[in-house]
Amino acid sequence: MTRPAITIAVRAARAAGNVILRYMNRIDGLTVVEKQRMDFASEVDKLAEAEIVKELRRAYPDHAIIGEEGSAVGKGPLTWVIDPLDGTHNYLRGIPHFSVSIAMLDKGVPVYGVVFDPLRNELFTASKGDGAYLNDRRIRVGKREDLGGAMIATGFPYRQRKHLDAQLAMTRALLGQAEDIRRSGSAALDLAYTAAGRYDGYFEIGLKPWDLAAGVLLVHEAGGRYGDFAGRDGIPESGNIIAGNLNVAKAMTDVIGAHATPDLLKA
């Protein structure tokens, strides 16, 4: 049975998705700002976030909300973290791969999560202890036992270019064993695809809670594991994340840990 919080989060995600799709044919006319070097946001990001906040506040006025585009409402153990348009760079270039990500954290632990791809109408949902679903169909992580033949996803974060040499070394080492590596531009979808078995594993450096909270819950509820580059389970404060099924996540941690700098191995 769908939990009420998931129903609300789905409603909010679809409202944001409608905003995103409405502006797709007007990308050239959008107002775009550079929040940090190579970190862009458009008015669509803000409009989509406003729709999500409106739906969440209507249903849960006492919950805290943190959004990538600056929304910050309330304080408390129950906190919604939202990325209204994960894959803004893709969106602004007309690349059809982006998503809406919404999660509820209870004292920092994700308990509800939604990742919505409005173009494909793919809705990934998870509730702690209830499993993970794609459009109401149960999903599971892949069954691969090691890196041999594995399809891995990653990202090259624009805010963390100081770690580029280390990440290229990790990537090279992983490619020595895996089938291939993909870099699609939406962390939330990468994690959702890992939960659905489309990818066997995922790693990235320096993510924020709104990038990964919904996605890691999907992976966990689909039978997988997530943690930091040193193998510690849970959402890492560093934002350096590895996710996959139990075997692939362990193998990735071994390879990545051998090439990570001391800074990247910190909690």
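**Exercise: a pair of strands**

Work out in which sense E14 and strand E15 (residues 241-244) pair, and over how many bridges.

*Solution.* Start with the pairing: E14 and E15 run antiparallel to each other, joined over three bridges. Strands here are DSSP runs of E with at least two residues, helices are runs of H or I with at least four, and both are numbered from the N terminus. Two strands count as paired if DSSP finds at least two bridges between them. Next, pick out one spot: Arg-225 has Gly-244 of E15 opposite.

Before you carry on, note that this is a predicted model: local features need pLDDT of at least 70, side-chain atom pairs count only at pLDDT 80 or more, and totals for chains, interfaces and linings use all residues. Residues are numbered from 1 along each chain as its sequence is written, and side-chain values use heavy atoms, with hydrogens and water left out.

*Solution.* Now zoom in on E13 and E15: they're antiparallel, with four bridges, and Glu-204 has Ile-241 in E15 as its bridge partner.

Then check the two faces of E15. Ile-241 and Ala-243 point to one side, Ile-242 and Gly-244 to the other, and all of them are buried (under 20% relative accessible area; exposed is over 50%, partly exposed in between; 1.4 Å probe, protein chains only).

Which strands are at the edges of the open sheet of eight strands?

*Solution.* Write down the order: E4-E3-E5-E6-E7-E8-E9-E10, again with mixed pairing. That puts strand E4 (72-73) and strand E10 (137-138) at the edges, each pairing on one side only. Look at one end: strand E3 (residues 64-67) and E4 run antiparallel, joined by two bridges, and Ile-66 stands opposite Ala-72.

Now look for our helices. H5 packs on this sheet too, touching strand E5 (78-86), E6, strand E7 (109-117) and E8, with its direction at about 100 degrees to that of E7. H6 touches E3, E5, E6, E7, E8, E9 and E10, also making about 100 degrees with E7.

**Exercise: is H5 enclosed or open?**

Decide how many residues of H5 are buried.

*Solution.* Go along the helix and you'll find that nine of the nine residues are buried, so H5 is largely enclosed by the rest of the structure. Among the buried ones are Asp-190 and Thr-194. Just after H5, Gly-197 has a positive phi of about 80 degrees.

**Exercise: the core**

*Solution.* A nonpolar core is a set of buried Ala, Val, Leu, Ile, Met, Phe, Trp, Tyr and Cys residues joined through side-chain atoms within 4.5 Å. The largest one has 34 residues, and Val-115, Phe-124, Leu-191, Tyr-202, Leu-218 and Ile-241 have the most contacts inside it. Elements giving two or more residues include H5, H6 and E15. Another core lies apart, with 32 residues, including Tyr-91 and Ile-82.

**Exercise: rings**

How many aromatic pairs are there in the whole structure?

*Solution.* The search finds four. A pair means ring centres of Phe, Tyr or Trp (its six-membered ring) within 6.5 Å; planes under 30 degrees apart are stacked, over 60 edge-to-face, the rest tilted. Tyr-91 and Phe-98 are edge-to-face, 5.1 Å centre to centre with 85 degrees between the planes, and both residues are buried. Elsewhere, Phe-124, Tyr-193 and Tyr-199 form one aromatic cluster.

How values were computed
Contact means heavy atoms within 4.5 Å. Axes are lines fitted to C-alpha atoms, for helices over the stretch in contact, and angles run from 0 to 180 degrees between N-to-C directions.
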